[in-house]
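Visitor: Could we go through this one together, starting with the charged pairs and then moving on to other parts?

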Amino acid sequence: MKKRLSQITFILFSCIASAQFTIKVESPEDFSFNEAYLYTVNGSKDILIDKAEKKNNTWLFQVKNSYLGLLKVYFPQANTSLNLVSENKNVDLKFSVKNNKVQQIDYYDEVNNIFYSIQDQQKKREQILPALYQIQNFYKENSDFGLALKNEVSNLSADIVFDSDKHPFLSYYFKTYQNFLQESAGKKNPTNDEIISFLNNTQNYLETSSLLKPILMVFLSNTSRSSLGDEVDKLLTTVKVETPRGQTILSELIEVFNVYNIKDLKEKYLTEAKNLKCTINDRLANTIKSNANTEIGKIIPNNTFVNPVNTKVKSLHDVKADKKIIILWSSTCSHCEKEIGEMVLQYNKLKEKNIEVVGLSLDSDAKSYSDKVKMLPWINDTELKGWYSSYVDTYNVHATPTFYIVDAKNKIIAKPDNFSEILELLQLK
């Protein structure tokens, strides 16, 4: 009997030791996809931590390390996802779908029930409450509908109260959002000094809250272009780029400057990152690597095609041409539409010069992609994973379209901003 009890104790201890908490996700029977991935958050980046297969319409994830913050469950075969929050306790939810996309989510654990009730209330306050105030004027206060209106206005006006000591992440999230991001009448934007002080002193919940990048965008919007470098220098000096937080902020800023084509500051802070002598955290290391992959003069990373059109070759490097124009694009991108329209008109001229075009699409909807790609004469491929495509990190994509020009040996010779610049570089104008 003692031996049996010891075995049971050992098994229970092993189960507890192997996971801090579990996440249970239940789907309707008509959701036919099996794979699901669980991501945590680091700044604006999703970090893959677990994968699960569906059993009895349910996915069960094991989170092995303590985690307080936002998470995401992604279903790659359906290219749909759902968001949730953890305070290092078990999460339990069930979702419904429409056209194989997550539509309605029912949360059965306390923290998610509170979090999404507050978010739902805030959304209704912004979009519905003003209309309800106006509608009230058209109905008698003591009529059935008037009483119902009064009750709903009261419900939306009242705050949802929770125990902040019991729910530290929720308390942190909503206070931070209110202080730095929420817009309201008469409320002033936080100053850059206030933002710097906050970023330097706040708790580690910042990285897992998804609020870091929006707060940095407020910081940058407060600053004129002429003094942007000085303000960023002050921020990075205060938070210290040798620290994990300083490096995460540095990584976010490099990527923001990349997106908004502020090339001088992107190169300045990327150089600063590469010259650091201390231990580099994973977030900054990935930013450095992604940029290094696509430096001019480097061999562009190869990509094995999944389901290419207009070619029988197996990979990007196998495409033979004197030069190749690589475009990272999406069928739903309005900027891509303009550039691709011009490329179609000039494609025959490119082919005459032995210049090939290779499109790698960040689409997620198969029909939208196929309807567009059948009108394009050049090589195209897609993973149909949207911004979860491998292209994003491999080719340092922060916006679409993104262009590269490579030579016959797949060496990057230019990173133009648009097709007009490509024609100038190739002397085809």
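**Salt bridges and beyond**

Guide: Arg-283 and Glu-255 form a salt bridge, with their closest N and O atoms 3.1 Å apart; the term stands for a side-chain nitrogen of Lys or Arg within 4 Å of a carboxyl oxygen of Asp or Glu. This pair links distant parts of the chain, since Arg-283 sits in helix H12 (residues 282–293) and Glu-255 in helix H10 (residues 244–259), 28 residues apart. Helices (H or I, at least four residues) and strands (E, at least two) are DSSP runs, numbered from the N terminus.

Visitor: Are Arg-283 and Glu-255 buried or exposed?

Guide: Both Arg-283 and Glu-255 are buried, where buried means under 20% relative accessible area, exposed over 50%, and partly exposed in between, with a 1.4 Å probe and protein chains only.

Visitor: What kind of model is this, and how are residues numbered?

Guide: This is a predicted model, in which local features need pLDDT of at least 70 and side-chain atom pairs count only at pLDDT 80 or more, while totals for chains, interfaces and linings use all residues. Residues are numbered from 1 along each chain as its sequence is written, and side-chain values use heavy atoms, with hydrogens and water left out.

Visitor: How many salt bridges are there in the whole structure?

Guide: The search finds 23 salt bridges. One of them joins Glu-337 to Lys-372, with the closest N and O atoms 3.1 Å apart. That pair also links distant parts of the chain, with Glu-337 in helix H13 (residues 334–352) and Lys-372 in helix H14 (residues 366–373), 35 residues apart. Glu-337 counts as partly exposed at 42% relative accessibility, whereas Lys-372 is buried, with a relative accessible area of 14%. Salt bridges that share partners also join Lys-45, Glu-252, Glu-255 and Arg-283 into one network.

Visitor: Which residue does Lys-266 pair with?

Guide: Lys-266 forms a salt bridge with Glu-267, and here the closest N and O atoms are 3.9 Å apart. Lys-266 is buried, with a relative accessible area of 8%, while Glu-267 is partly exposed at 40%.

Visitor: Changing topic, what does helix H2 span from its first C-alpha to its last?

Guide: Helix H2 (residues 110–127) has 18 residues and reaches 26 Å, close to the 26 Å expected at 1.5 Å a residue; the expected span is 1.5 Å times one less than the number of residues. Its buried residues include Val-111, Ile-114, Phe-115 and Ile-118.

Visitor: And what do the buried residues of H2 pack against?

Guide: They pack against several elements, among them strand S5 (68–75), strand S6 (80–87), helix H4 (144–157) and helix H5 (168–180).

Visitor: Where is Tyr-260 found?

Guide: Tyr-260 is in the loop between H10 and helix H11 (263–274), and Tyr-260 counts as exposed because its relative accessible area is 53%. From Asp-144, Tyr-260 is 116 residues away in sequence and 53 Å away in space, C-alpha to C-alpha.

Visitor: Finally, how many helices and strands does the chain have, and what part of it is buried?

Guide: The chain has 16 helices and 13 strands, and buried residues make up 45% of its 429 residues. Along its principal axes, the C-alpha trace spans about 75 × 70 × 55 Å. Of the contacts (heavy atoms within 4.5 Å) with a separation of 6 or more, 63% come from residues 24 or more positions apart.
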